[in-house]
Amino acid sequence: MRIAWFTENYPPNTGGMSRSCDRIVANLRQHHTVDVFHFTNKFPAFKTQTHEKGTYTSVPIFQDTSHTLNMLWAYIKDNSLINSCDAFVSFGSHLCLKGITLMANWMQKPILICFRGNDFDTAIFSQKKQDLLYTISNASAIACVTKEKQQRIQRMALNNHVYYTPNSIDFNEWNILKSDIALAETLSVQLQLPKDTKIIGLIGFLKQKKGVDFFINTLKKSQLASRIHLHIVGEIEPHIESELERLAFSYSKVSPISKTELIANFLICDCIAIPSIYDGMPNVIFEAAALNKPILASKAGGLPDVLNTNTAFLFDVLSEQSLLSALANFDNASVQYLEQTSQLLLEEIRTHFTTTQETDNYLNLLNTITT
């Protein structure tokens, strides 16, 4: 099978979406040929590179999205790779929502739409809604990274082929090395925190949907308030940093440039917080689990698909009382209990969220729409 894969999220782009896309494509290439068409200006327009079991083509992005998509159509309508492909895949991208389903239908190719989280959440309540509704109605199949997204799309009654395709993790890429531990020890010393301080990590691109404003304002009212340090690993919006300053929080922030730096910054945390208001299935769940870090999380999006009360400290979305209770439970938990929750989560992910299971989900859907 030859697959034409369209996305805005693929290396060298950073972030969870790009890592997931790279992982899924790499695993599918063990079975089929995958030609990636990546919307990016980081390479010359329509430059095609040969990869093992596929190709990579950079698709230029213009300020006018319509021009971007018309340029893509002009490029692919007589393209030999496209003509020989068996299916289109659209992976978590607003440009894909706007144009790829149309192009697949024009070329009479089946199409699998992959909803990851923010693509659906922002489009359904915006001017992009009509693009989204057309895509849902005309997709050959829809792959949702969370059960919550699957259910919401099913209830729209626009498509009968909506499936749950959760994330995964390759644990081989998250082994803790001596260099990771050494760097973590150095970072801990550099923070110069009192011994009774608990470090809570906030990891990734902390957008509004991540609920950080709500989290820090509630955290200030908790029994932990005077003994907490927030360690921000990634990007943070300026207004959140202003709020941290206003609330006189002890905090640090860093943007890791290597896997060793990322792992080391995980390791110095006593807990990883994911206080999302709405979300997909963030990679940070799996990364924290692989590194044996306890998780404090809301019940938003795909978080309850992976986490439960035995494997994490969960709280209701935007419930101050529920979050305060979860924070107290974390603060009062023994070392043995924290180790137990981390181990149970690790076993859950090793059993139900493997890369083999993830790949099989996509293979089954692609086989369904091409036969």
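Close-up 1. Buried means under 20% relative accessible area, exposed means over 50%, and partly exposed lies in between (1.4 Å probe, protein chains only). Ile 136 is found in helix H6, which covers residues 129-138. Helices (H or I, at least four residues) and strands (E, at least two) are DSSP runs, numbered from the N terminus. Which residues is Ile 136 in contact with, leaving aside its neighbours within four places in sequence? They are Phe 115, Phe 120, Ile 142, Ile 153, Met 156, Leu 158 and Asn 159, where contact means heavy atoms within 4.5 Å. Ile 257 is 121 residues from Ile 136 along the chain, and the C-alpha atoms of the two are separated by 37 Å.

A word on reading these views: residues are numbered from 1 along each chain as its sequence is written, and side-chain values use heavy atoms, with hydrogens and water left out. Because the model is predicted, local features need pLDDT of at least 70 and side-chain atom pairs count only at pLDDT 80 or more, while totals for chains, interfaces and linings use all residues.

Close-up 2. Look for the side chains of Glu 148 and Arg 152, which meet in a salt bridge (2.7 Å, N to O). A salt bridge is a side-chain nitrogen of Lys or Arg within 4 Å of a carboxyl oxygen of Asp or Glu. Both residues lie in helix H7 (residues 147-155), 4 residues apart, about one turn of the helix. Glu 148 is partly exposed at 27% relative accessible area, and Arg 152 is partly exposed at 29%.

**Close-up 3. Lys 198 and Asp 331, a link between a strand and a helix.** Here the two side chains meet in a salt bridge (3.2 Å, N to O). Lys 198 lies in strand S9 (residues 198-206) and Asp 331 in helix H14 (residues 320-332), so the pair ties together parts that are 133 residues apart in sequence. A search of the whole structure finds 16 salt bridges.

**Close-up 4. Helices H8 and H11 packed together.** H8 (residues 178-191) and H11 (residues 259-267) pack at an angle of about 55°, with their axes 8 Å apart. Axes are lines fitted to C-alpha atoms, for helices over the stretch in contact, and angles run from 0 to 180 degrees between N-to-C directions. H8 and H11 are therefore oblique to each other: angles under 35 degrees count as roughly parallel, over 145 as roughly antiparallel, 65 to 115 as roughly perpendicular and the rest as oblique. Residues making the contact include Ile 181 and Leu 187 of H8 and Ile 263 and Leu 267 of H11. By class, the contact has 7 nonpolar, 3 polar and 2 charged residues. Ala, Val, Leu, Ile, Met, Phe, Trp, Tyr, Cys and Pro count as nonpolar, Asp, Glu, Lys and Arg as charged, and the others, Gly among them, as polar.

**Close-up 5. Helices H9 and H14.** H9 (residues 212-219) and H14 pack at an angle of about 65°, with their axes 10 Å apart. Phe 214, Phe 215, Thr 218 and Leu 219 in H9 meet Glu 320, Leu 323, Leu 324 and Leu 327 in H14. The residues of this contact divide into 6 nonpolar, 1 polar and 1 charged.
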